[in-house]
Amino acid sequence: MADVDLVVVGLGYVGLPLARRACEEGLSVRGLDVRAEVAEGLNAGRSHVDDVPDSAVAEMRAAGFAATTDTAVISRAETVVLCVPTGLTADGKPDLGSVRAAARAAAPHLRPGVLVVLESTSYPGTTEEVVRPILEAGSGLRVGEDFHLAYSPERIDPGNKRFGLRNTPKVVSGCTPLCAKSAVAFYGRFVDTLVVSRGTREAEMAKLLENTYRYINIALVNEVALFCDKVGIDVWDVMHCAATKPFGFAPFAPGPGVGGHCIPVDPLYLSSKAEAEGFTFDMLAAARGINGRMPGHVVDRAVSMLSGMGKSVRGAEVLLLGVAYKPDISDTRETPALPVARELVARAASVTYHDPHVTDFAVDDVQLPRAEELSAALKNCDLAILLQDHSSYDHAVLAAAECVLLDTRGQVAGERVTLL
């Protein structure tokens, strides 16, 4: 007999906000994670996720939430949601190792009537072709007959203060109509708007389309930025003017590259699945090439700026400002700051970084020195590169710095500032 409404498997940037939201609506929630330090930290009231402060963990604990590494907790659940990471292998192929492991861990503990939902981003067919066989083989139960299996892609946007889990429409799907109905009943308890897709493959594809759309449009404006740089056009003014059109145009901004867990990774899931089906996404390949050029373009601009001062990049003191992949978070997954730093180090520059949210940043397992005090760091460097525009960065202070500044985000104006 289930005595827990929800067990969340994987307590990262997707799973922990889900557990928090469910707790807020009065559901009894348990968390499962393979990392003992994560479970122990949460049980001690410490959060490891930017969007879930320690105070929120304390509220969750007061509501009965507890984290564990023991998979037996799944046997107590009415609903099990898999929120494990999906990354890439060393050769750039989809890595479903964590999804398979989570399904294998859950299967022996499933009971009749339970709802299992996959939220991890993956290619179309993952729920039916990967997760379903593992669950059925390991449990002896049948999807649609003995238990429910659904797919609902995560739409967590770290650092977004306007849209959270409650007010972001949630796409839901099921392997059968009854599975979908069960998923709707579950998510309807704490999400305002639900969108039911035709099936799991459509929901999986919708998630990949959302992020591929952003990836391709970022590539478009990045290529426009490269062209504008070549012919002497102010790309930031171009972007400002184009964005005033109230229809038919969605604004995107150029930058030093594409970072984060989703945007650089998800299109590769799509292209890999397409390749397996004998289809080629030519636009994806082009977008990847363009976005991949941007860190090198940043370094080339930096070298040119140093040369204009009569300095060589070799031995130059270069300060990287903001190494997280997006503003006001500590996440450095796939951050473009890494290839920028790697290339500068390869050219024998002396590289230091400043980021109020990131305490450790390494290039090929070698830790970069972290500047603790921004004003001193700006005074002691030859060139600063604004890679991420954290809200704590005062643009006036950056503009007034003694060093020259390369602004890859188009935010700072000044005589010693060069825009991407």
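Leaving aside its neighbours within four places in sequence, with which residues is Cys83 in contact? In the structure, which is a predicted model, local features are reported only at pLDDT of at least 70 and side-chain atom pairs only at pLDDT 80 or more, while totals for chains, interfaces and linings use all residues. Residues are numbered from 1 along each chain as its sequence is written, and side-chain values use heavy atoms, with hydrogens and water left out.

Once those sequence neighbours are set aside, Cys83 is in contact with Val8, Val9, Gly10, Val14, Gly15, Leu18, Glu119 and Ser120, where contact means heavy atoms within 4.5 Å. Cys83 is placed in the loop between β4 and β5; here helices are DSSP runs of H or I with at least four residues, strands are runs of E with at least two, and both are numbered from the N terminus. Because its relative accessible area is 9%, Cys83 is buried (buried means under 20% relative accessible area, exposed over 50%, and partly exposed in between, with a 1.4 Å probe and protein chains only).

A search of the whole structure for disulfides, defined as pairs of cysteine sulfur atoms within 2.5 Å, finds zero. Cys83 is accordingly in no disulfide, and the nearest cysteine sulfur, that of Cys262, is 12 Å away. Cys262 counts as buried because its relative accessibility is 12%.

The loop that holds Cys83 also holds Thr86, between β4 (77-82) and β5 (87-88). Thr86 is buried, since its relative accessible area is 2%. Its side chain reaches the backbone oxygen of Thr121 at 2.6 Å, a polar contact in the sense of a pair of N or O atoms within 3.5 Å, of which, within protein, one must be able to donate a hydrogen and the other to accept it, while residues adjacent in sequence count only if both atoms are side-chain atoms. Beyond its neighbours within four places in sequence, Thr86 is in contact with Asp95, Leu96, Val99, Ser120, Thr121, His261, Val265 and Tyr269.

Aromatic rings were examined next. Rings of Phe, Tyr and Trp (its six-membered ring) pair if their centres lie within 6.5 Å, and planes under 30 degrees apart count as stacked, over 60 as edge-to-face and the rest as tilted. Seven aromatic pairs are found in a search of the whole structure. Among them, Phe186 and Phe190 form an edge-to-face pair, 5.2 Å centre to centre and with 80° between the planes, and both Phe186 and Phe190 are buried. The pair of Phe279 and Phe281 is also edge-to-face, because the ring centres are 5.1 Å apart and the planes stand at 70°. Phe279 counts as partly exposed because its relative accessibility is 49%, and Phe281 counts as partly exposed at 31%. Phe186 and Phe190 belong with Tyr187 to one aromatic cluster. Over the ring of Tyr187 sits the charged end of Lys170, 4.7 Å from the ring centre; a charge sits over a ring if NZ of Lys or CZ of Arg is within 6 Å of the ring centre and within 35 degrees of the ring normal.

Helix α7 (residues 200-231) has 32 residues and should span 46 Å at 1.5 Å a residue, which agrees with the 47 Å between its end C-alpha atoms; the expected span is 1.5 Å times one less than the number of residues. After α7 comes Gly232, whose phi is positive, near 80°.

Most residues other than glycine have a negative phi. Asp328, however, has a positive phi near 65°; Asp328 lies in the loop between β11 (317-321) and α11 (337-346) and is partly exposed, because its relative accessible area is 32%. Asp365 likewise has a positive phi, of about 70°, although it is not a glycine. Asp365 is found in the loop between β13 (362-363) and β14 (366-367), and its relative accessible area of 79% is why Asp365 is described as exposed.
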